[in-house]
Every structure is written in C-alpha cells, then in structure tokens.
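Reader: Please walk me through this model. I would like the general idea of each feature, then the case at hand.

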There are 2 protein chains.
Amino acid sequence: MVHAPTVELFSYWRTSATYRVRVAFNLKNIQANERFINVDAGEHQSPEYLKINPMGAIPALILSGKAPLTQSLAILEFLEELQPQPPLLPTDIFERARVRSIAQMLAVDIHPLITPRIKKHLMHVNGFDDALWKAWQSKWFTTGLSALEQRLASESATGRFCHGDSPTIADICLMSIVVVMRIFKITVPDIPTIDRIVTACEQLDAFVRAEPMRQVGAPSQ
Amino acid sequence: MVHAPTVELFSYWRTSATYRVRVAFNLKNIQANERFINVDAGEHQSPEYLKINPMGAIPALILSGKAPLTQSLAILEFLEELQPQPPLLPTDIFERARVRSIAQMLAVDIHPLITPRIKKHLMHVNGFDDALWKAWQSKWFTTGLSALEQRLASESATGRFCHGDSPTIADICLMSIVVVMRIFKITVPDIPTIDRIVTACEQLDAFVRAEPMRQVGAPSQ
C-alpha cells in the first residue's frame with residue numbers, strides 16, 4: 001500500500017520529531033514526498049510555514065485535500081490507524097499502554113527540554129553559555145534514559161526491542177533521542193539494556209535510512 | 001461499568017497530569033481508589049514509589065494483578081480502549097489526529113517545561129529567582145496557548161469544545177494547563193476561543209470535581 005502522490009511531509013534533516021515519522025514511513029513502506037524546511041535558516045518561522053503549523057514546529061504531514069497533521073506522536077498514531085501493518089503497537093490494551101508510556105518517557109519527558117527553542121531561550125534570555133547548555137542537555141538525557149534503563153532492565157515485557165521482539169513506537173522514540181544525542185556528542189553511561197536495543201534497531205534498514213546524517217541538507221561529515 | 005475494587009490511582013492534588021486522568025475517570029464514570037503521594041514532602045522519590053514509577057512521576061495507575069501504567073497521555077488512551085463510552089476521541093482517523101495533536105500542543109509542548117523538577121533545577125542549579133521562574137512559566141504558557149488559540153480560532157473543526165461539541169482528550173489537556181496556571185496565578189491575554197472552551201468545560205461536573213483545589217490534601221483556601 002503506497003500513498004506516494006498524496007503524502008507530503010514537511011521535514012528537516014536534524015529534527016528528532018521528523019526522524020520518528022520517517023522511521024514509521026519506512027517500517028510501513030509508505031512513500032512520502034519530503035519538503036525540507038530549513039530550521040537553521042528560520043524557515044519554520046516563515047509566514048508560509050506558520051500557516052501550516054502555527055507552532056512553527058517540524059514535522060507536519062499533509063494528505064491531499066486534508067488539513068495539516070502536526071505533533072509527531074499524533075502522526076505516529078495516525079499512521080498506525082491509516083495502515084495497521086506492520087503494527088507499531090501491540091494489540092493488548094495493557095501492552096499498548098506500556099509501549100505508549102515508554103514512548104512518552106522519551107518524547108515527553110526528555111525531548112521537549114532540549115529543543116532548539118529552549119536552547120535559544122536559555123542562551124539569549126537566561127544567559128546560558130555553551131557549557132551550561134551542555135550540562136542542561138546532559139542532565140535531562142541522563143535522568144530520562146537512566147529511568148528508562150531501570151524499567152527496561154526490570155520489566156519482563158522487554159524483549160529484543162523495548163517491547164517484545166518487533167519494533168514499536170517506543171523504539172522509534174528511543175532512537176529519536178539517540179540520534180540527537182549523537183549529533184550533540186552526548187553520551188549517557190550505564191544503560192546496557194538501552195544500548196542493546198539501539199543495536200537491534202540499527203540492524204533494521206528502516207531506522208538506518210531515517211538517520212539525520214543521511215538526509216538531504218545534512219552536513220557532509 | 002464500574003471497576004471500583006480494582007483501579008488504584010497514585011495521585012497528588014496539584015499535579016496537572018493526575019488531573020487529566022481524574023477527569024477521564026469522571027467522564028467515563030470509572031471509580032478509582034486514589035492513593036495520595038505527597039509530592040511536596042518528597043514521597044514521589046521514596047524507594048516505595050520509585051518501584052511503581054522509576055521516573056518518580058505522578059500519576060501511576062494499577063489495575064489489580066497488572067503492572068503499573070504511567071504517563072498520563074498513555075493512561076488516557078488506555079482508558080479510551082478499556083471503556084470506549086463516552087468517547088474521548090472521534091472515530092475518523094484524521095479527526096483523531098487533530099485531537100491528539102491539540103492535546104500534545106498542551107501536554108508535550110507546554111507542560112514538561114513548567115513541572116516541579118524543572119523549577120527545582122532552574123532555581124537550585126541555574127540560579128533562577130522567583131521573578132525569573134515566573135517569567136519562564138509565562139513565556140511557555142503564552143507561547144503555547146497563543147499558538148493553540150490561532151489553531152482553534154481558524155480551524156472549522158473547533159466547536160463548543162476543542163473538537164466538535166463534546167469533550168475530548170484535547171479539552172482534558174487544555175484544562176490541565178488552565179488549572180495549573182491558576183494555581184501559579186498566571187494569565188495569558190487574548191485567547192478568546194480558549195477562554196470560551198474553558199467556560200464550556202467548567203459547566204461539566206466531570207471537570208469541576210477533578211479540580212486540584214477540591215482534592216484531598218489541597219490547601220483550605
């Protein structure tokens with residue numbers, strides 16, 4: 001099932017939230033036309049883009065004739081409902097809740113704290129320098145991933161991936177944090193279960209092809 | 001359908017995320033036993049509570065014999081799947097995406113920035129005083145609600161509530177921000193559509209009964 005002519009993704013090579021949607025497209029074999037919004041050049045704050053998403057946030061998804069869809073977690077749920085196979089959520093409602101909870105530990109408890117708008121505000125309004133910003137990033141990556149490690153290591157539902165033996169939106173959100181940490185050259189120690197799951201994800205072409213550094217607009221090294 | 005003996009909600013009177021779950025319980029007429037975790041006294045960081053939620057975050061939900069469920073948005077989706085009536089999400093997948101997107105503008109783009117752990121870190125590590133903290137809160141409440149106002153005012157799917165004429169998880173998340181703003185005595189100007197929807201929500205007993213100041217443990221005034 002391919003929606004190529006009708007699916008338009010407003011994206012940027014580096015953003016964690018776009019990466020999530022890109023992996024879901026790959027896993028579900030949905031072909032999207034990516035339209036690159038240069039966040040570093042401020043295109044996400046242009047009047048044209050603000051008509052698509054008043055928050056000025058990436059990504060936004062447009063299926064022809066429909067209003068733009070925004071917010072990456074909402075888009076992931078939409079794609080799951082649009083094209084259920086292969087599933088990115090389990091069928092059991094308790095298991096679905098676990099997967100969503102793990103996804104939110106990453107996409108809600110970590111990611112909003114380290115976005116470009118927060119960096120800009122802390123540096124321009126609150127006088128952070130590079131060292132303070134890096135300490136801020138490290139604090140929230142470490143706090144969140146350490147708590148997640150404890151869950152993943154102790155809960156029997158953890159498998160080859162965050163939940164069982166096939167990738168879910170939890171793994172998509174985990175990898176969306178990991179790829180950003182790499183760009184920022186931040187490491188979190190003592191998370192062996194997470195490290196193992198990251199390796200499992202990296203063996204899947206759907207995750208590899210979505211990597212920020214492989215996208216149009218990414219720096220050449 | 002009542003699950004009284006088996007539903008245990010670990011809660012605190014003031015937290016925005018607990019409020020969301022409490023409203024959903026009320027709308028769906030699910031009876032839960034609330035177990036109060038005194039966040040101000042640090043009980044959410046006690047070894048006992050960290051066994052339930054390693055993030056030390058409120059709320060957590062336990063249905064007897066099952067592992068604890070955490071993350072309020074995941075719990076809302078779970079309750080919707082557990083007991084679909086009355087629905088807190090539309091049936092059309094595009095409409096569901098819109099409702100989830102609005103919910104996430106509130107619960108993902110605003111709320112994580114103004115939680116107690118962020119306040120504690122900014123004040124104790126980054127030297128914020130009360131004025132800087134209040135400015136930080138105002139910045140993110142205003143940015144997020146102004147963008148949401150633009151959406152709600154311009155999109156035809158907006159009705160008496162954020163989406164159509166019955167409450168959804170979008171309204172629950174909107175009110176979860178509003179009740180917290182009131183506790184902090186913060187107001188955001190020029191959001192007439194939001195103000196109108198807030199008034200509509202406040203006419204529903206399910207929202208009124210969930211208000212922080214009406215919960216056990218709340219200050220008497």
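Reader: Which residue in β3(B) does V7(B) stand opposite?

Author: V7(B) stands opposite L63(B). Some ground rules come next. This is a predicted model, where local features need pLDDT of at least 70, side-chain atom pairs count only at pLDDT 80 or more, and totals for chains, interfaces and linings use all residues. Residues are numbered from 1 along each chain as its sequence is written, while chains are lettered from A and ligands numbered from 1 in the order in which they are written.

Reader: How do I read strands and their pairing?

Author: Strands (E, at least two residues) and helices (H or I, at least four) are DSSP runs, numbered from the N terminus. Two strands pair if DSSP finds at least two bridges between them. Here β1 (residues 7–11) and β3 (residues 60–63) of chain B run antiparallel, joined by 4 bridges.

Reader: What is the strand order of the sheet in chain B?

Author: The order is β2-β1-β3-β4. The sheet is open, its 4 strands in mixed pairing. β2 (33–36) and β4 (69–70) of chain B are the edge strands, each pairing on one side only.

Reader: How do I judge whether a residue is buried or exposed? Take K51(B).

Author: Count neighbours. A residue is buried if 20 or more other C-beta atoms lie within 10 Å of its own, exposed if 12 or fewer, and partly exposed in between; C-beta atoms are placed from the backbone. K51(B) has 11 other C-beta atoms within 10 Å, so it is exposed. K51(B) sits in helix α2 (residues 47–52) of chain B. From V7(B), K51(B) is 44 residues away in sequence and 18 Å away in space, C-alpha to C-alpha.

Reader: How do I check the span of a helix, say α6 of chain B?

Author: Compare it with the expected span, 1.5 Å times one less than the number of residues. Helix α6 (residues 130–154) of chain B has 25 residues. From first C-alpha to last, α6(B) reaches 36 Å, close to the 36 Å expected.

Reader: What do the buried residues of α6(B) pack against?

Author: They pack against α4 (93–107), α5 (116–124), α7 (169–183) and α8 (192–202) of chain B. Among the buried residues are W136(B), W140(B), F141(B) and G144(B). Contact here means that two C-beta atoms, placed from the backbone, lie within 7 Å.

Reader: How many residues does each chain bring to the contact between the chains?

Author: Chain A brings 33 residues and chain B brings 33 residues. On the side of chain A, β4 (69–70), α3 (72–82), α4 (93–107) and α6 (130–154) each supply at least two residues. α4(A) gives the most, with 9 residues. By class, that side has 18 nonpolar, 6 polar and 9 charged residues. Ala, Val, Leu, Ile, Met, Phe, Trp, Tyr, Cys and Pro count as nonpolar, Asp, Glu, Lys and Arg as charged, and the others, Gly among them, as polar.

Reader: By what turn can chain A be laid on chain B?

Author: A turn of 180° with a shift of 0.0 Å along the axis does it, at an RMSD of 0.0 Å. That is the relation of a two-fold axis. The C-alpha of V108(A) is the nearest to the axis in chain A, 2.7 Å from it. Both copies use the same surface: 100% of the contact residues of chain A recur in chain B. The superposition is by least squares on C-alpha atoms of residues with pLDDT of at least 70 in both copies.
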